[in-house]
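Please keep the sequence and the structure in view while reading.

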Amino acid sequence: MSENKSVKLAFDCAGGDFERAGEASSKIKKMLQRLGIPADCVRRIAIGTYEAEMNVIIHAGGGNVAAEVFPDTTVITVTDKGPGIPDINKALQEGWSTAPDYVRQMGFGAGMGLPNMQKCSDEFDIQSQVGVGTTIVMKFKHQSEDL
Amino acid sequence: MAPTKYYHSVQLNREKCQGCVSCVKLCPTEAIRVRNGKAEILADRCVDCGACASGCPYHAFSVKTDTLEGLSKYVYNIVLPAPSLYSQFPANVPLEDIWKGLHNLGFDEIFDVSLASEYVAKEIETYLKNYTGGRKPLISSTCPAVMRLIQVKFPELIKQVVPVLAPVEAAAIYVKREAAARKQLSTELIGVWFISPCPSKETNIRQSVDVQHTELTGSFSLSEIYGLLLKNMGGSHELNVRTGSSYGLAWGTYGGELASAGISNGLAIHGIDNVYEILEQISMNKMPQLDYVECNACQGGCLGGLLTAENKFVAESNLRQRIRKLREQEPKDRQETMARTMVLQDFPASAAYRKKLVPRPMMQLDDDIMEAMKKFERMEEVLCSLPGLDCGACGAPSCQGLAEDIVQGKAHEIDCIFKLRASVHKLSQGMLELAKQIPIYHEPKMLNNTEDEDHEG
């Protein structure tokens with residue numbers, strides 16, 4: 001019974017708000033440290049969450065980043081009502097990007113976002129519908145194991 | 001596992017402390033609380049950066065260092081001056097005069113830390129060249145305050161720290177062994193001393209983060225030695241000095257480490273808040289295209305250290321002028337220049353002496369995750385009930401900090417003055433209500449003086 005206990009944190013991210021980009025990931029990271037999740041695992045979650053948060057800010061015009069921490073797993077759910085991804089398989093290829101030039105110049109949009117999220121997480125699920133939005137669910141097991 | 005006891009060279013003088021919260025606000029690791037009107041340093045969180053001491057309006061913090069009397073315990077004394085010492089003097093003051101001054105103070109031999117910096121720079125260059133597959137950027141390991149910050153706040157970045165010794169430690173290992181052989185003395189009879197620009201380097205001698213066993217005997221405050229040198233410079237003492245090139249000298253200011261290791265794709269970050277910010281970004285993998293990040297806890301690098309005497313901008317100008325002058329006499333090529341000074345036999349390789357950096361997590365609310373989760377929820381509730389002004393009047397650095405202290409049983413909700421005001425308001429309203437409801441049966445009589453005396457007698 002107690003194994004189903006969880007704590008949650010959720011944040012809304014505004015589209016195009018680069019100034020505050022990373023704030024949600026940073027706060028989620030602090031929560032994980034307070035809960036005593038192993039450092040390597042905190043790192044993987046922080047990286048995955050940050051990538052997802054950036055995607056929401058760059059492509060989707062804003063969305064929501066939520067973390068739910070169970071004793072042995074953390075689930076990160078990122079939802080947006082953005083344009084959606086027409087071809088998910090393509091988007092999962094390294095280097096594939098639709099980021100506009102000004103975003104690339106800032107060092108984002110190298111086409112590593114989704115592949116990185118997949119690499120960092122133990123389970124990765126993406127649902128997207130053109131014109132409706134995208135939902136990404138990443139699960140991370142709390143074992144102290146590096147990539 | 002028994003908790004480690006942490007040594008700190010930064011110490012508080014309770015008499016001088018007025019209980020203002022300047023230090024609490026400045027501390028990058030939330031390691032200070034004001035309780036019962038006095039500041040308290042939480043030993044397991046403090047990283048000895050000295051931010052508290054530099055911002056205290058009452059000068060209530062001091063740094064524990066050694067005194068020159070210690071020299072008499074050794075047969076042969078070697079001093080390791082760092083570029084930060086030279087930066088205190090205008091570039092037209094000959095280094096020879098400063099060195100003679102050091103001899104006059106009782107040191108038999110002078111070995112510049114800058115020379116060791118060149119060996120360490122070479123190690124960094126090689127390490128970076130052979131580093132494949134791991135996460136980037138690599139993080140420099142020379143500032144002990146930054147190393148401690150990583151231990152307590154960013155343990156996830158430990159793998160990215162370059163495993164080299166701080167130049168001063170490498171210098172001490174080399175020179176003690178070499179002098180012992182040369183002088184036919186036991187190493188116990190040789191004193192190896194550092195002139196420290198900051199408390200974190202002083203602490204590192206007592207409790208090192210990077211070296212398994214330090215060969216340093218002790219350290220002096222740079223500003224104290226500076227004062228003594230002003231009165232003792234020059235003279236006719238014969239010089240016994242070994243020194244490095246301009247590249248080693250450049251380590252004294254920010255960017256010098258990058259330059260001497262030949263790293264072009266790197267950043268030089270200085271100032272503990274800036275370092276904190278960059279580490280946070282690195283931990284989210286925000287800059288994987290970068291090779292190297294040089295980090296110094298003090299604004300301006302070591303020249304901005306708490307124990308320096310000269311203004312850090314003046315010191316930087318002094319040092320940069322000295323570097324420029326030296327560079328005019330050196331070959332154009334960096335490798336060629338460094339090869340001219342790096343001629344020591346068997347300079348120690350870091351790998352044989354370095355200690356593994358271990359995490360010192362301080363954020364964890366509880367060892368048991370279920371307990372930690374409960375405390376986290378309670379903390380969020382408490383935080384919601386606090387005003388969110390981060391005024392510090394409770395003695396914690398922020399409302400978040402107070403909420404954390406409350407769930408850990410170290411503080412009370414009414415430590416918040418706004419909570420206290422609200423509860424006083426509620427109490428007085430309750431009393432007012434009570435006063436209206438309770439009828440008075442008889443007026444109280446004036447007390448009789450004699451009766452009063454009888455009671456006391």
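In this predicted model, B:Phe347 counts as buried, because its relative accessibility is 14% (buried means under 20% relative accessible area, exposed over 50%, and partly exposed in between, with a 1.4 Å probe and protein chains only). B:Tyr119 is buried as well, with a relative accessible area of 13%.

Residues are numbered from 1 along each chain as its sequence is written, while chains are lettered from A and ligands numbered from 1 in the order in which they are written. Local features need pLDDT of at least 70, side-chain atom pairs count only at pLDDT 80 or more, and totals for chains, interfaces and linings use all residues, while side-chain values use heavy atoms, with hydrogens and water left out.

**Confidence and chain A**

The average pLDDT of chain B is 93, and 97% of its residues score at least 70, where pLDDT is the predictor's confidence in each residue, from 0 to 100. Where pLDDT is low, the predicted coordinates should not be read in detail. The model has an ipTM of 0.85 and a pTM of 0.89.

Chain A contains five helices and five strands (DSSP runs numbered from the N terminus, with helices being H or I of at least four residues and strands being E of at least two). Along the sequence, the pattern of chain A reads β-α-α-β-β-α-α-α-β-β, and 50% of its 147 residues count as buried.

**Aromatic rings**

Over all chains, the structure holds ten aromatic pairs. Rings of Phe, Tyr and Trp (its six-membered ring) pair if their centres lie within 6.5 Å, and planes under 30 degrees apart count as stacked, over 60 as edge-to-face and the rest as tilted. One of these pairs is formed by B:Tyr119 and B:Phe347, which are stacked at 4.0 Å centre to centre with 10 degrees between the planes. This pair links distant parts of the chain, since B:Tyr119 belongs to helix α5 (residues 113–130) of chain B and B:Phe347 to the loop between α14 (334–341) and α15 (369–385) of chain B, 228 residues apart.

Why does the pair of B:Trp193 and B:Phe220 count as stacked? The ring centres of B:Trp193 and B:Phe220 are 5.0 Å apart and their planes are at 25 degrees, so the pair is stacked. Because B:Trp193 lies in strand β8 (residues 190–196) of chain B and B:Phe220 in strand β9 (residues 218–221) of chain B, the pair ties together parts that are 27 residues apart in sequence. Both B:Trp193 and B:Phe220 are buried, and together with B:Tyr74 and B:Phe107 they form one aromatic cluster.

Charged side chains also meet rings: B:Arg360 lies over the face of B:Tyr6, at 3.8 Å from the ring centre, and B:Arg320 lies over the face of B:Tyr254, at 5.2 Å from the ring centre. A charge sits over a ring if NZ of Lys or CZ of Arg is within 6 Å of the ring centre and within 35 degrees of the ring normal.

**Salt bridges**

Side chains of opposite charge can pair when their charged atoms come close. A search of the whole structure finds 30 salt bridges over all chains, a salt bridge being a side-chain nitrogen of Lys or Arg within 4 Å of a carboxyl oxygen of Asp or Glu. The table gives some examples.

| Salt bridge | N to O distance |
|---|---|
| B:Arg182 and B:Glu109 | 3.0 Å |
| B:Lys176 and B:Glu215 | 3.3 Å |
| B:Glu413 and B:Arg378 | 3.8 Å |

The pair of B:Arg182, in helix α7 (residues 167–183) of chain B, and B:Glu109, in strand β6 (residues 109–111) of chain B, links distant parts of the chain, 73 residues apart. B:Arg182 counts as partly exposed at 38% relative accessibility, whereas B:Glu109 counts as buried at 1%. B:Lys176, also in helix α7 of chain B, is 39 residues apart from B:Glu215, which lies in the loop between α8 (199–206) and β9 of chain B. Here B:Lys176 counts as buried at 11% relative accessibility, and B:Glu215 as partly exposed at 22%.

**A buried charge**

B:Glu330 lies in the loop between α13 (312–328) and α14 of chain B. B:Glu330 is buried yet has no salt bridge, and the nearest side chain of opposite charge, B:Arg327, is 4.4 Å away (Lys and Arg count as positive and Asp and Glu as negative, while His and the chain ends are not counted). Its side chain does make a polar contact with the side chain of B:Ser246, at 2.6 Å. A polar contact is a pair of N or O atoms within 3.5 Å; within protein, one must be able to donate a hydrogen and the other to accept it, and residues adjacent in sequence count only if both atoms are side-chain atoms.
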